[in-house]
Amino acid sequence: MENRLERIVDFCRLIDREKFITRRTYLTDGKRLENDAEHAWHLAMMVLLLHEYSNTKIDVLKTTGMVLIHDLVEIYAGDTFAYDPEGLKTQKEREARAADRLFSSLPEDMGSRFRGLWDEFEEWVTPEACFAHTLDNFQPLMLQAASDGRAWKEGKRKLSEVMHRNARTAEGSEVLWQYAEDNFIRPQVMKGHLEDDMKGEA
């Protein structure tokens with residue numbers, strides 16, 4: 001009992017490191033970048049608020065747990081920037097090794113449950129995983145729009161890159177993807193903050 005509790009508390013202390021992992025998306029005021037823990041909290045709240053727009057009915061508690069743990073592996077693997085082709089090549093391997101290391105530090109039953117949720121998210125098959133991925137993509141688009149495309153402008157991002165990044169976003173929620181395209185992406189294109197290199201394409 002004491003050893004089990006100690007391992008869980010150690011894990012609670014370990015995951016505080018998620019607060020130190022900086023992402024590439026600015027907060028709504030555009031003044032600083034968000035961190036992984038802020039991102040995970042935001043997604044969890046969005047599951048509670050937006051689950052009715054999932055393409056398929058989902059287990060809300062399970063999906064909430066999934067988004068809370070989906071980036072914990074970055075404690076060891078680091079954040080992989082969505083528009084870094086070299087980093088993306090090794091992302092799966094690095095994060096799988098990190099998951100082995102991270103979740104094995106928990107008591108076996110708990111570690112197995114957490115690893116199962118993480119694997120399910122990565123496999124992108126169940127309704128819960130699909131909706132979690134939709135929100136994982138929707139949230140940074142929302143912040144991009146709120147910060148008037150600051151990160152897109154700084155990175156000289158192109159519309160084709162954003163659309164490629166979001167090629168599967170609608171699998172969890174067609175409604176949310178359409179909303180994001182109409183309200184987050186297109187207005188930034190119109191302002192010139194996101195280069196439209198897809199003119200004339202259907």
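**Salt bridges, a helix and a pocket**

Modeller: Let's start with Glu181, which counts as buried at 14% relative accessibility. Bear in mind that this is a predicted model.

Colleague: Which residue does the side chain of Glu181 meet in a salt bridge?

Modeller: Arg186, at 3.2 Å from N to O. Arg186 is partly exposed, with a relative accessible area of 33%.

Colleague: How many salt bridges does the structure hold?

Modeller: It holds 17. One of them joins Asp109 and Arg4, with the closest N and O atoms 2.9 Å apart. That pair links distant parts of the chain. Asp109 sits in helix H6 and Arg4 in helix H1, 105 residues apart.

Colleague: What about Arg97 and Glu93?

Modeller: Their side chains form a salt bridge, 2.9 Å from N to O. Both lie in helix H5, four residues apart, so about one helical turn separates them. Glu93 is exposed, with a relative accessible area of 53%. Arg97 is partly exposed at 49%.

Colleague: Which residues are linked in a network of salt bridges?

Modeller: Arg23, Glu34 and Asp71.

Colleague: Switching to H3. Which of its residues are buried?

Modeller: H3 covers residues 60–69, and its buried residues are Thr63, Thr64, Met66, Val67 and Ile69. They pack against helix H2, H6 and H7.

Colleague: And what caps the N-terminal end of H3?

Modeller: Asp59 does. One of its side-chain oxygens lies 3.2 Å from the backbone nitrogen of Leu61.

Colleague: Now the largest pocket. How much space lies in there?

Modeller: About 1,100 Å³. The lining has 41 residues. Nearest the centre are Thr80, Ala82, Leu88, Asn137 and Arg165.

Colleague: Which element gives the most to that lining?

Modeller: H7, with six residues. Other elements supply at least two residues each, among them strand E1, helix H5 and helix H9.

Colleague: How does the lining split by class?

Modeller: There are 15 nonpolar, 11 polar and 15 charged residues.

Conventions. Residues are numbered from 1 along each chain as its sequence is written. This is a predicted model: local features need pLDDT of at least 70, side-chain atom pairs count only at pLDDT 80 or more; totals for chains, interfaces and linings use all residues. Side-chain values use heavy atoms; hydrogens and water are left out. On a 1 Å grid over the protein atoms alone, a cavity is a set of points where a 1.4 Å probe fits but cannot get out, and a pocket is an open set with protein on both sides within 12 Å along at least five of seven lines; lining residues have an atom within 4 Å of a point. Grid points are joined across faces, edges and corners, and a volume is the space filled by probe spheres set on the points. Ala, Val, Leu, Ile, Met, Phe, Trp, Tyr, Cys and Pro count as nonpolar, Asp, Glu, Lys and Arg as charged, and the others, Gly among them, as polar. Buried means under 20% relative accessible area, exposed over 50%, partly exposed in between (1.4 Å probe, protein chains only). Contact means heavy atoms within 4.5 Å. A polar contact is a pair of N or O atoms within 3.5 Å; within protein, one must be able to donate a hydrogen and the other to accept it, and residues adjacent in sequence count only if both atoms are side-chain atoms. A salt bridge is a side-chain nitrogen of Lys or Arg within 4 Å of a carboxyl oxygen of Asp or Glu.
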